[in-house]
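Hello,

Here is the structure we talked about. Please look through it first; my notes follow below.

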Amino acid sequence: MLGLERQHRVLEELLARHQVALIERRSADATRLFGEYAAGLTRHIEFEERHLLPRCDLLEGPRWSDTVYRAEHRRIEGLMLGTAERLRRAGPAQISSLMLIALLDAERTFKHPVEHHHTREEQPSFAELRHARAPIGAARAERTASGTDS
Ligand SMILES: [Fe+2]
Ligand SMILES: [Fe+2]
């Protein structure tokens, strides 16, 4: 599994490639790339919620509650579904300039909250979760997932 920051960069790169395809009016590529992005972001959120967020209570001092991150994930998922639906409605036909502007404007309302969320997760307090003592079940699942369990 890639590190958290690397996962964020890979996702951002996929979203950028999707938007380049949109601008170049390559509708099928744009739709495919957004699909890859959405699948990757969904896996990423599942990873965080299964392996990192259960450790929030183990850190000392005032921290963001895991419920804040989970609420942001639900919001991001909702915005992502809205973006996928707008792309689906645009269809495979040639995208007009007006439609392109509307799609990019709509994607900005999705892209900015995700960037803000990633930035907060890259702060030291969140990064500490990877090193916090994991709940037994989560630690075992992570070792199994990484192939280090014996
Ligand atoms: Fe997250
Ligand atoms: Fe993340």
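**Notes on the model**

At 1.5 Å a residue, helix 3, with its 25 residues, should span 36 Å, and its end C-alpha atoms are 36 Å apart, so the two agree. The expected span is 1.5 Å times one less than the number of residues. Helices (H or I, at least four residues) and strands (E, at least two) are DSSP runs, numbered from the N terminus.

This is a predicted model: local features need pLDDT of at least 70, side-chain atom pairs count only at pLDDT 80 or more, and totals for chains, interfaces and linings use all residues. Residues are numbered from 1 along each chain as its sequence is written, while chains are lettered from A and ligands numbered from 1 in the order in which they are written.

**The chain overall**

The protein chain has six helices and zero strands. Along the sequence the pattern reads α-α-α-α-α-α. The chain has 150 residues, and 17% of them count as buried. Buried means 20 or more other C-beta atoms within 10 Å of the residue's own; exposed means 12 or fewer; partly exposed is in between, with C-beta atoms placed from the backbone. Take the contacts between residues at least 6 apart in sequence: 69% of them join residues at least 24 apart. Two residues are in contact if their C-beta atoms, placed from the backbone, lie within 7 Å.

**Helix 3 and its partners**

Which residues of helix 3 are buried? They are Tyr-69, Thr-83 and Leu-87. The buried residues of this helix pack against helix 2 (27-52) and helix 4.

Thr-67 also lies in helix 3. Just after helix 3, Gly-91 has a positive phi of about 70°.

The axes of helix 3 (residues 66-90) and helix 4 (residues 97-121) come within 10 Å and cross at roughly 165°. Therefore helix 3 runs roughly antiparallel to helix 4. Axes are lines fitted to C-alpha atoms, for helices over the stretch in contact, and angles run from 0 to 180 degrees between N-to-C directions. Under 35 degrees counts as roughly parallel, over 145 as roughly antiparallel, 65 to 115 as roughly perpendicular and the rest as oblique.

The helix 3 and helix 4 crossing is left-handed. Residues on the helix 3 side of the contact include Glu-72, Arg-75, Ile-76 and Leu-79. Helix 4 contributes, among others, Met-99, Leu-103, Phe-110 and His-117. The contact residues divide into 10 nonpolar, three polar and four charged. Here Ala, Val, Leu, Ile, Met, Phe, Trp, Tyr, Cys and Pro are nonpolar, Asp, Glu, Lys and Arg are charged, and the others, Gly among them, are polar.

The axes of helix 1 and helix 2 come within 8 Å and cross at roughly 160°. That makes helix 1 roughly antiparallel to helix 2. Their crossing is left-handed. Residues of helix 1 including Val-10, Leu-14 and His-18 meet residues of helix 2 including Leu-33, Tyr-37 and His-44. This contact divides into 11 nonpolar, four polar and three charged residues.

Arg-25 is found in the loop between helix 1 (4-23) and helix 2. Its phi is near 60°, a positive value in a residue other than glycine. Arg-25 counts as partly exposed, because it has 13 C-beta neighbours inside 10 Å.

Best wishes

Notes. Left-handed = near helix turned anticlockwise from the far one by under 90°.
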